[in-house]
Amino acid sequence: MLDKVKVVLVGTSHSGNIGSAARAMKVMGLSNLVLVDPQCEVDGQALALAAGASDIAENAVVVSTLDEAVSDCGLVVGSSARSRTLEWPMLEPRECGEMFASEGLKHPVAIVFGRERTGLTNEELQKCHYHVCIPANPEYSSLNLAMAVQTLSYEIRVAHLNREQAQYSAEQVAEYPRHKELEMFYDHLEKVMIDTQFISKEQPGQVLNKLRRLFSRARPEAQEINILRGVLTAIEKQNKGVK
């Protein structure tokens, strides 16, 4: 299960943070590091701070976009402070670990961390099924990147060990659509809403964002997404017939 966990760092600007994150991962048995549009190289400082985890830093996969990083993932969770402007399904770190330990048996899963100063953008956060917030001291909640990686990696490992210790049988885990399949569904949904004049192409407003939030909260399975795509296709055929 731990091999299916991706730790995704977006726009990292300090190479030492990459090394420190790699070390935090290896201590907890994670090894799959992905760097999205890094603003620095994996240099000597990164390898020095990685200590015995330099192999993870050196073997990190580098991609240009978050979509590339999580395209094969059935569960994507973004690390974020609680936002009053962007309502999204939230997880506590323990819930996050338990969900990863369960779904990681079936498909790749990703925990996403943002930039050191500004975190993840709203657009990036909306690509995640859930957000997770570490309940730090509200009077001093300053966590550096490696600390956040360490905390959530720990919760994932503990949940995984608890499952093993309890000798759970290999349960049937629901098959969820991959990230790229969800994005295809959202594109299809937007097209049908425009074609049926439910929304305006010039002024789409917040309708699609609200629907994204709805489906993120509902977590439709792969088969359910296929049914919804079939409904949209039927609407398109009917719409062409009317014209």
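Let's start at the second largest pocket, which holds about 160 Å³ of space. A pocket here is an open set of points on a 1 Å grid over the protein atoms alone, with protein on both sides within 12 Å along at least five of seven lines, and its lining residues have an atom within 4 Å of a point. Volume means the space filled by probe spheres set on the points, which are joined across faces, edges and corners.

Before you click further: this is a predicted model, where local features need pLDDT of at least 70 and side-chain atom pairs count only at pLDDT 80 or more, while totals for chains, interfaces and linings use all residues. Residues are numbered from 1 along each chain as its sequence is written, and side-chain values use heavy atoms, with hydrogens and water left out.

(Helices are DSSP runs of H or I, at least four residues, numbered from the N terminus.)

**Stop two: the largest pocket.** Here you'll find about 710 Å³ of space. Pick S79, S80, A81, S141 and L143, which are the closest to its centre out of 26 lining residues. Sorted by class, the lining of the largest pocket has 13 nonpolar, nine polar and four charged residues. (Ala, Val, Leu, Ile, Met, Phe, Trp, Tyr, Cys and Pro count as nonpolar, Asp, Glu, Lys and Arg as charged, and the others, Gly among them, as polar.)

**Stop three: the cavities.** A cavity is a set of grid points where a 1.4 Å probe fits but cannot get out. Searching the whole structure turns up two of 30 Å³ or more. The largest cavity has a volume of about 70 Å³. Show its lining, including Q126, K127, C128 and H129. Helix α8 (179–195) gives the most to that lining, with four residues.

Next, the second largest cavity, with about 60 Å³ of space. Among the residues lining this one are H129, Y176, P177 and F215. Which elements give two or more residues to its lining? They are α8 and α9. By class, you'll count six nonpolar, two polar and one charged.

**Last stop: helix α10.** Select residues 222–242 and find V231 inside that helix. V231 is partly exposed, at 43% relative accessible area (partly exposed lies between buried, under 20%, and exposed, over 50%, with a 1.4 Å probe and protein chains only).
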